[in-house]
2 protein chains.
Amino acid sequence: MNQKRIGKRTIKLNNRPTIIAASSIVGPKEGQGPLKDKFDLILSNDLYGQKTWELAESKMVQTVMEMSVRKADKTLDDVDLLFGGDLINQLFPASFAARELGVPFFGIYGACSTMAEGLCLGSMAIDGGYANYVLAGTSSHYCTAERQFRFPLELGTQKPMTAQWTVTGAGSVLLSSQGSGPKVKYIVPGKVIDKGISDGNNMGAAMAPAAVDTIYSYFDDTKDDPNSFDLIATGDLGKLGKQIVIDLLRDMKIDISNVYTDCGVEIFDIEGQDVHCGGSGCGCSASVFCGYIYDKLVKKEFKKIMLVSTGALLSSTSTLQKQTIPSVAHGVVIVND
Amino acid sequence: MNQKRIGKRTIKLNNRPTIIAASSIVGPKEGQGPLKDKFDLILSNDLYGQKTWELAESKMVQTVMEMSVRKADKTLDDVDLLFGGDLINQLFPASFAARELGVPFFGIYGACSTMAEGLCLGSMAIDGGYANYVLAGTSSHYCTAERQFRFPLELGTQKPMTAQWTVTGAGSVLLSSQGSGPKVKYIVPGKVIDKGISDGNNMGAAMAPAAVDTIYSYFDDTKDDPNSFDLIATGDLGKLGKQIVIDLLRDMKIDISNVYTDCGVEIFDIEGQDVHCGGSGCGCSASVFCGYIYDKLVKKEFKKIMLVSTGALLSSTSTLQKQTIPSVAHGVVIVND
C-alpha cells in the first residue's frame, strides 16, 4: 500500500515542503485593482524597459524568481531546479528567463494552470529529496497573449461579455525542505476535461468542469470538509466560471460556497475596471497566490487553503481546426500547521 | 547531506524506477530508414486517418501511450500520471491525447528534449513513491513542425545543408516501481545554454553546447568513466552538432567518441534519404529510444546507456525579434543491473 497516494488522485507529501518565499509583479491595470497593496512591484509601463512585450514578460518572470531567492537570503547558486512556463508559444518568456537565471530548468505547460503545476512538481521534487531549493513560477502579459490567441491589439476588437482580461503579472515561489513558511500538504494532478465548449471568449465555462473534477477528486479521496479551509481559490475562471463551479459541485453534494473565490474575480474590480468576466492568464493565479494568499498564510490569517489553477489547452491552430477546448486544473493544498 | 544529489547537478534514484514497456510509431520516411525494423508501427500515410496533421500527431502520441500500457498488461486506469508534450503551440497533440487517455496530465515543454524531460520527471515521481505507474512520451511530425516554425510545405522552400529533417514519430515509456526492465539510475536536469546561434536552420550548433553542459556535468559529478557506457545518445543534433559535442567535450578532457551517437544521425540514411544534417524533433530521440535503444536494453545487448535529448527553445516570435536560440538538454542514465 502506497502511503503517499490517497484515494484515486490525491498525493500526500509527508516531508512538509515549505514555501519559504514568494514574489509577485503586476502591470499598471492590475496595480489599480483591489489587491494593489499585495504585490511586490507594480509596473508603470507594460514594456518594463524592453523592446517587445515578450521580452517584458520574460523580464517579469526572471525578476520574480530573483526576488524570491533574495527574500530567502539565498542565491541562485543554491537553487537546484526551476519549474516555469507560460502561455506564449514555446515558452519564450520562461525559456529566456531560465537562460539568465542559470538554474536547471524543467519547462512546463498547463496554460493558466501553470502556477499550480509548478507547485505540484516542485513540491514533489523537494518532498522526495531530489532538490534542496526549487523555484516555481509563471507569468502572463495582456499584450503577448492577446496578439497570440486573439487579435492584434491595434484592431481594438470588441469582446463579448463572457470574455476575460489577461492579467499582466508574474509570481514565483521558492520551495525548500528547510526553513519556515506554509507547507504543501496535498497535490491533486488534473485530468484533461472537455465538455464541448469551443468559444475562446468563454474560457470560464470551458475550464470550470476541470476545476470541478479536481476539487471533487480531492474531497472524494480525503473525505475532508470544505469548511475546514479558509480559502479555496480557482485560477482564472472569472465570475461566470466561478458560478458554474459552485453549481456543479453542489450537484455532486459538495458545497464550497462559504470559502470559495476565484483569482480572476479578486484581482480586478470587475465592474469598475471593465474586464467583463474578470482576469485570466497564468499570471492571474500566480500573482494572486504569491501576493495576496501567501501574505495571509504567512500572517497566519489563513491556516489552510487550496489553490486550483485552471488552464484552457486550446491553441489558435486547434481553434481554426474547429476543435473544442480541453482544460486542466491542478490542485495544491497548503497548510500552516 | 542529501544522498540523492551527486555533485552539483546529478540526481541519483535509489528506488530503481523501471521502464516496464516502451512503444514507438514513425512516419513513412522514417520507416524507410536504417532503424525500420525497430518500431512498433510505421504509418503508411502522414495523416494517419485524421483530417489534419496536428490531429494525426495527437493520434500518434495517444496510440504509443496505449501501446505501452497494453504491452505491460495494464490498463489506463492503472496509470497515475502522464507526462507529455511536443513542439506544437500550446501542446495541441499532447493535450488532446491526454483528453482521450483520461490520465492526470502534467504538460511539459522542453522542445526536442521532451523525451528525456518526461523520463526525468516520471522517474522522480515513481522513485519518490508518488505514483505506481507513470506514462511519459512525446511526438513530432514533419508537417506540423515545418509549417509552424518555418514555411508552408506548399512553398517547397529549399533548406541549407546545416538544416535537419523533423522526424514524424512518437515514443512512450511506462514507468513503474515494480516489474522487470531497465532502470533509471541517474537524471541530469539541463540548464538553458545559449552561445549566440540565431540561425534556425543550424539547430545542431545551437543545441550542442547544452548537450555538452549536461554530459560534462554528469561526468564531473559522478567521476564515472565514459567507456563504461554501451551508448551515449544525444537527441537530435545531427551530424554537425554531433561533431561539435565530440570536439567540445574533448577540449574539456572527456572523450565519449567510442560510445557516442546521435539519434538524428541514426534514424535516417543521411546521404541516401536527403535529410541534410539528419533527423530532429521530439519524436526523433523518442522513437529511437523507445524503439532501437530500449530493445537493446531489454535484450541485454546494452547494459548502461545515457540518453541526452536536446531542445532548441526558439519560437517564430523570438526569431522575428532577432533573438538567439537558447537550448536545453536533459540527461537520463539507464542501466540493466
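User: What makes the relation of chain A to chain B that of a two-fold axis?

Analyst: Chain A is laid on chain B with an RMSD of 0.0 Å by a turn of 180° and a shift of 0.0 Å along the axis, the superposition being by least squares on the C-alpha atoms of residues with pLDDT of at least 70 in both copies. That is the relation of a two-fold axis. The same surface serves both copies, since 100% of the contact residues of chain A recur in chain B.

User: How do you know which residues are in contact, and how many are there in each chain?

Analyst: Two residues are in contact if their C-beta atoms, placed from the backbone, lie within 7 Å, and on that basis 48 residues of chain A are in contact with 48 residues of chain B.

User: Why is H2(A) called largely enclosed?

Analyst: A residue is buried if 20 or more other C-beta atoms lie within 10 Å of its own, exposed if 12 or fewer, and partly exposed in between, with C-beta atoms placed from the backbone. Nine of the 10 residues of H2(A) are buried, so the rest of the structure largely encloses this helix; among them are A:Phe92, A:Phe96 and A:Arg99.

User: What follows H2(A)?

Analyst: A:Gly102 follows, with a positive phi near 75°.

Residues are numbered from 1 along each chain as its sequence is written, and chains are lettered from A and ligands numbered from 1 in the order in which they are written. In this predicted model local features need pLDDT of at least 70 and side-chain atom pairs count only at pLDDT 80 or more, while totals for chains, interfaces and linings use all residues.

How values were computed:
Helix = DSSP H or I, 4+ residues; strand = E, 2+ residues; numbered from the N terminus.
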